[in-house]
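Hi everyone, thanks for making time.

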Amino acid sequence: MPTQSTTPTDEPALIRRILAGETQLFYDLIRPYEKMVYVTIYAMVRNEQEAEDGAQETLINAFRHLASFRGESKFSTWLVTIAMNEGRRRLRKFKTAAEDSLEDSADDHDGDFTPAFLTDWREIPSEALEKKEIREKLRATVQTLPPIYREVLILRDLEELNQEETAAALGIPITTVKVRLHRARMMLQKLLVPYLKESRPARKGFFGRMSP
Amino acid sequence: MSIACKHVWEHISEYLDHQLDPLLLHEIELHLENCEACSAILDSTRNVIILTADDRTFELPVGYSERLHARLRLIIQGPEPTPSNTKS
């Protein structure tokens, strides 16, 4: 979701100038990504203060280690990798190892699932977007996903990184990105759709009987 | 319908990301034309993705950028000299 106020082609030059001593330019470099860094960490840690502290730490680390950015990946990918690591570090503070391993093992399960059936919701997006409570519900629901799925969903559907960038940021193969993204979206669909159905008058029809 | 609903669900994500090979895409589109349940699942999944990407779903706290820049300034420029500050 970075706003493209600086074009990616400006970035290598900007980075060279920062490293050469024009440190003030760091603010320009990160401006398009300030929100991305916060949202990435927020979606992981589920706490505003932690996310804000984490975002600050991420960008401080990025400044301190800018010389180690080789330009092999995009700057945004490099930055989001630091943000992800910061988010994970903060999560570990709150969670027991048992909880982590329980959630991480979810990838081992076969993605056998039944999506939520609903015909009532297809025309909703613009309406739904206007409802604050639906955005809140989505935010809360994203945070109930197991971390391995949540991370991929955040990078692909929230930050809108492509498959290659997501794979690079998470250090996983592209095929794994695809599988996890699919499962994450399906989990979200299943968790969210019944709630959204309740939020508007049901339309009676054949498929109404198929709803859970 | 030549393919089963369950088979369609397995490919919804790739369908939405335009990653299906032409043959499977054709089969799925044929199925979707005739299966209201699967088209509803497809639509609702697409809507979930739209909602997730919406800027208003995940918002920044008020004053975030100012606080971030203030913190960065301490690192980039160093702390403002004060009488009690003897470091650096």
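Let's begin with a cluster: A:Tyr33, A:Phe69, A:Phe75 and A:Trp78 are linked by ring pairs. Rings of Phe, Tyr and Trp (its six-membered ring) pair if their centres lie within 6.5 Å, and planes under 30 degrees apart count as stacked, over 60 as edge-to-face and the rest as tilted. By this rule there are eight aromatic pairs over all chains.

A word on the ground rules: this is a predicted model, where local features need pLDDT of at least 70 and side-chain atom pairs count only at pLDDT 80 or more, while totals for chains, interfaces and linings use all residues. Residues are numbered from 1 along each chain as its sequence is written, chains are lettered from A and ligands numbered from 1 in the order in which they are written, and side-chain values use heavy atoms, with hydrogens and water left out.

Back to the rings. A:Phe26 and A:Phe63 have centres 5.1 Å apart and planes at 70°, so this pair is edge-to-face. A:Phe26 sits in helix H2 (residues 26-30) of chain A and A:Phe63 in helix H4 (residues 48-64) of chain A, so the pair ties together parts 37 residues apart in sequence. Helices here are DSSP runs (H or I, at least four residues), numbered from the N terminus. Both A:Phe26 and A:Phe63 are buried, meaning under 20% relative accessible area with a 1.4 Å probe, protein chains only.

Now, how do helix H3 (residues 34-45) and helix H5 (residues 75-94) of chain A cross? Their axes come within 9 Å at roughly 30°; axes are lines fitted to C-alpha atoms, for helices over the stretch in contact, with angles from 0 to 180 degrees between N-to-C directions. That makes H3(A) roughly parallel to H5(A) (angles under 35 degrees). By class, their contact (heavy atoms within 4.5 Å) has 10 nonpolar, three polar and three charged residues.

Finally, the axes of H5(A) and helix H9 (residues 147-158) of chain A come within 12 Å and cross at roughly 150°. Here A:Val80, A:Met84, A:Arg88 and A:Leu91 in H5(A) meet A:Arg150, A:Glu151 and A:Leu155 in H9(A). Those residues divide into four nonpolar, no polar and three charged. Thanks, everyone!

Notes. Helix = DSSP H or I, 4+ residues; strand = E, 2+ residues; numbered from the N terminus. Buried < 20%, exposed > 50% of the residue type's maximum accessible area, 1.4 Å probe, protein only. Parallel < 35°, antiparallel > 145°, perpendicular 65-115°, else oblique. Nonpolar A, V, L, I, M, F, W, Y, C, P; charged D, E, K, R; others polar.
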